[in-house]
Amino acid sequence: MILEIVKYPAKSLREKSSPVNNIDDIKELASNMYETMLKKDGVGLAAPQVGQNIRLIVINKEYSEDWALVNPEISFIDDEQDVLQEGCLSVPGVYGRVKRYKRVFLKALTIDNKVIEKSVEGFFARILQHEIDHLNGILFIDKVLPIDKKKVNEGLKELKEIKVDV
Ligand code: CO
């Protein structure tokens, strides 16, 4: 089932999400989120983006062997960062460059309740940082480089003027 995407400036995008207690309860939500992400050409999606403030994210299988991550946590391995342009399904039409860590250590549960503990890098590491930010009420627009700030703010102004129907 394709779900409605919550769009900026919805307040729920700014809330801290709660841990998932029972994975069986969110299996259907996770597969609907995955279907929605594919349909909208996204590489990742976090539960708050579909109106559920719980700690669940999905990631395109092209970038991660585990497509759903429950209660994901990351820690940083070293200081190395890189810059790449990002966008977000909840902030349509707005893009800006964001600096992120190149490598992170991931702890999470899979949708089959298996523990994942591993270091990840590259695009997967970037998607993870973006999606886990969503679980903490943080959007990529908060982290955009100063050089892109003006362009992003203009895009946000337009989004604020659109009546949000979710
Ligand atoms: Co996003």
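A salt bridge here is a side-chain nitrogen of Lys or Arg within 4 Å of a carboxyl oxygen of Asp or Glu. The model is predicted, so local features need pLDDT of at least 70 and side-chain atom pairs count only at pLDDT 80 or more, while totals for chains, interfaces and linings use all residues. Residues are numbered from 1 along each chain as its sequence is written, and side-chain values use heavy atoms, with hydrogens and water left out.

Searching the whole structure turns up 15 salt bridges. One of them pairs Arg-97 with Asp-148, with 2.9 Å between the closest N and O atoms. Arg-97 sits in strand S5 and Asp-148 in helix H3, so this pair ties together parts that are 51 residues apart in sequence. Helices (H or I, at least four residues) and strands (E, at least two) are DSSP runs, numbered from the N terminus; helix H3 covers residues 146-161. As for the cut-offs, buried means under 20% relative accessible area, exposed over 50%, and partly exposed in between (1.4 Å probe, protein chains only). Setting aside neighbours within four places in sequence, Asp-148 is in contact (heavy atoms within 4.5 Å) with Gly-96 and Arg-97.

A second bridge brings together the side chains of Glu-121 and Arg-103, at 3.7 Å from N to O. Here the link runs between strands: Glu-121 belongs to strand S7 (residues 115-121) and Arg-103 to strand S6 (residues 103-109), so the pair ties together parts that are 18 residues apart in sequence. Glu-121 counts as exposed at 53% relative accessibility, and Arg-103 is partly exposed at 23%.

Lys-150 is exposed, with a relative accessible area of 63%, and Glu-154 is partly exposed at 44%. Elsewhere, salt bridges with shared partners join Asp-82, Glu-86, Arg-100, Arg-126, Asp-133 and Lys-143 into one network.

Turning to the metal site, the cobalt ion is coordinated by SG of Cys-88 and by NE2 of both His-130 and His-134, at 2.1 to 2.2 Å. Donors are N, O and S atoms within 2.8 Å of the metal (3.2 Å for Na, K and Ca); water is not among the atoms, so sites may look incomplete. Along the sequence, the donor residues follow the spacing C-x41-H-x3-H. Distant parts of the chain are linked by Cys-88, in the loop between strand S4 (81-86) and strand S5 (96-101), and His-130, in helix H2 (residues 123-135), 42 residues apart. Both Cys-88 and His-130 are buried.

Then there is the nonpolar interior. A nonpolar core is a set of buried Ala, Val, Leu, Ile, Met, Phe, Trp, Tyr and Cys residues joined through side-chain atoms within 4.5 Å. The largest such core has 19 residues, and those with the most contacts inside it include Ile-26, Leu-29, Met-33 and Ile-54. At least two residues each come from helix H1 (27-39), strand S2 (56-59) and strand S3 (68-76), with H1 giving the largest share, 5 residues. Not counting residues up to four places away in sequence, Ile-54 touches Ser-17, Ser-18, Val-20, Ile-26, Leu-29, Ala-47, Pro-48 and Leu-135.
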